[in-house]
Amino acid sequence: MSASRSETTNALGPDEPDRGHDDDPGGPPVPEPEHGGDLLAALLDGMDAALCAFDAGGAVTHWNREAERILGWSAEEAVGRQGFAGWAVRAADAGEVEGRLMAAMDAPGRQVHEFALLKKDGGRVLVRMQSAGVRGADGKPAGVYCAFSEVHAQIDLERSIALSEALFEDGSWGVVLVDVDLRPTVVNAYAARALGTGRVTLLGRPLAELIVQGVEELEGALHHVLAEGAPDSPAELWVTLRTAEGERRRCWRSGFLRLASPLAEEPVPLGVAWLFQDVTDAKLAEQEADRLRFRWNQLYRAARTAAECEDPSEAAMAYLDFALAGFAEHALVDVAAGERLVRTAASPASAPGPVAPVSGGGIPVRYAPGHPALQAVDRIGSVRASGGAGAQSWARERQWPADARHALCTVLRSRGRTLGVLTFLRGPGRPAFERPDATFAESVAVRVAAALDLAAALGQPHPAPSPEPSGGGWG
């Protein structure tokens, strides 16, 4: 805000006499230091709100640049006028406006009003004005000062403040403000729950204390925003969190905004606003849908291929080749021969490749009691198993390839008879088999069993299935 002129900054009204020293009331007035009026004028001019002041008689004593910008009247034109009547307020409204403003001299605290003021060009502008009384050295009312701004600007400010408070309290997105050192300074309730910590606990701490995996990608995104600005679209970040219940893997759809100080001439980065939403469940459901779509598409392609095979055994191998893609590293087919299982087909143990008949097949596999393949036969269903410490010895003991870490054995059934066991094996880079995997494996086993049963019915050299054996007779 600006003072009308420097000589008015030490007095509330143009008619108020200058005062001398208190100890020499009859002496000449003491001149104010030259820089005092300039300093006050600069302070008033620099204010973001419009400011005007009235003396006890209602004459304008101060008028800053923001008031000039809003209404168009300069300080020279405004200072000294009696109230707003006839120039800044319509004559019909002048009495009410002046009465409400001057009443602030005797009222405690600040009074808030909304007025329609006149601009110099004849237009009208609705302003929100705060007024408060000014008291002299003797404690008596000496005038009124008023700060005002356009109502729409005030409403915009209030909306911004309300939005900030809502985001930091009740927002359905996580909001974290980080400083230029990438340390959180503000965390809302949603973000605190997502990170598994308290809103205050995280402040000032490195993100790596809570994020076990994925913190490099997150910090890289924050650095990029500080240097280059916000990206055009949200990013999906997978992270692993360290919580009291253990590690949790989550997917956050994240947006970033670079924060800059509005008070600096040039943008000064204050940090980054990181907004995110936990979309883990949706992403997992999407991945599961994609996986199912791919697997059933593979079975469809396998059926088309098997239909062109003259040899039913070749059709069985085709089903396994299509099933292995994206599902497992190895497939083994053990066919029942009497009370034993005979390995008849397998994928290569040393490198990926198609499933093929075992050279020199016909020798029974020596499965120890309790082997997952024998359990599948006993249960007439599927059995899942995984090797823990010493996984290589675990695989060798079960006569599986050395890189096997997870196994899924499912029984081969056709025409109400057990034909053998189909085993899928995964390496160390894959997760353990789950129930949806078993469902898919059972669907493959039904098709493989039908093909092997047809081969046996046509007299091809596969051992014929035996009657249902007891659990201890297999191996």
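Start with V176: its bridge partner in β7 is V187. The two strands involved are β6, residues 174-178, and β7, and they pair in the antiparallel sense over 3 bridges. This is a predicted model, remember.

Now widen the view. That pair belongs to an open sheet of 6 strands. The order runs β7-β6-β11-β10-β9-β8, with antiparallel pairing. Which strands sit at the edges? They are β7, 184-187, and β8, 211-213, and each pairs on one side only. On average, neighbouring strands here are turned by 40° against each other, direction ignored.

Next, a single side chain: H330. You will find H330 in strand β12, residues 330-337. Buried or exposed? Buried, because its relative accessible area is 4%, and the cut-off for buried is under 20%. The H330 side chain has polar partners. One is the side chain of D403, in a polar contact at 3.1 Å. Another is the backbone oxygen of P348, which lies 3.2 Å from a polar atom of the H330 side chain. Leaving out residues up to four places away in sequence, H330 also touches others, including L324, T423, F424 and L425.

Last, confidence. Mean pLDDT for the protein chain is 83, and 86% of its residues reach 70 or more. Strand β16, residues 406-414, is highest at 96, while helix α1, residues 34-45, is lowest at a mean of 67. Two stretches stay under 50. Residues 1-33 are one, with 61 contacts in the model beyond four places in sequence. Residues 463-474 are the other, with 26 such contacts.

Key
Residues are numbered from 1 along each chain as its sequence is written. This is a predicted model: local features need pLDDT of at least 70, side-chain atom pairs count only at pLDDT 80 or more; totals for chains, interfaces and linings use all residues. Side-chain values use heavy atoms; hydrogens and water are left out. pLDDT is the predictor's confidence in each residue, from 0 to 100. Helices (H or I, at least four residues) and strands (E, at least two) are DSSP runs, numbered from the N terminus. Contact means heavy atoms within 4.5 Å. Buried means under 20% relative accessible area, exposed over 50%, partly exposed in between (1.4 Å probe, protein chains only). A polar contact is a pair of N or O atoms within 3.5 Å; within protein, one must be able to donate a hydrogen and the other to accept it, and residues adjacent in sequence count only if both atoms are side-chain atoms. Two strands pair if DSSP finds at least two bridges between them. Axes are lines fitted to C-alpha atoms, for helices over the stretch in contact, and angles run from 0 to 180 degrees between N-to-C directions.
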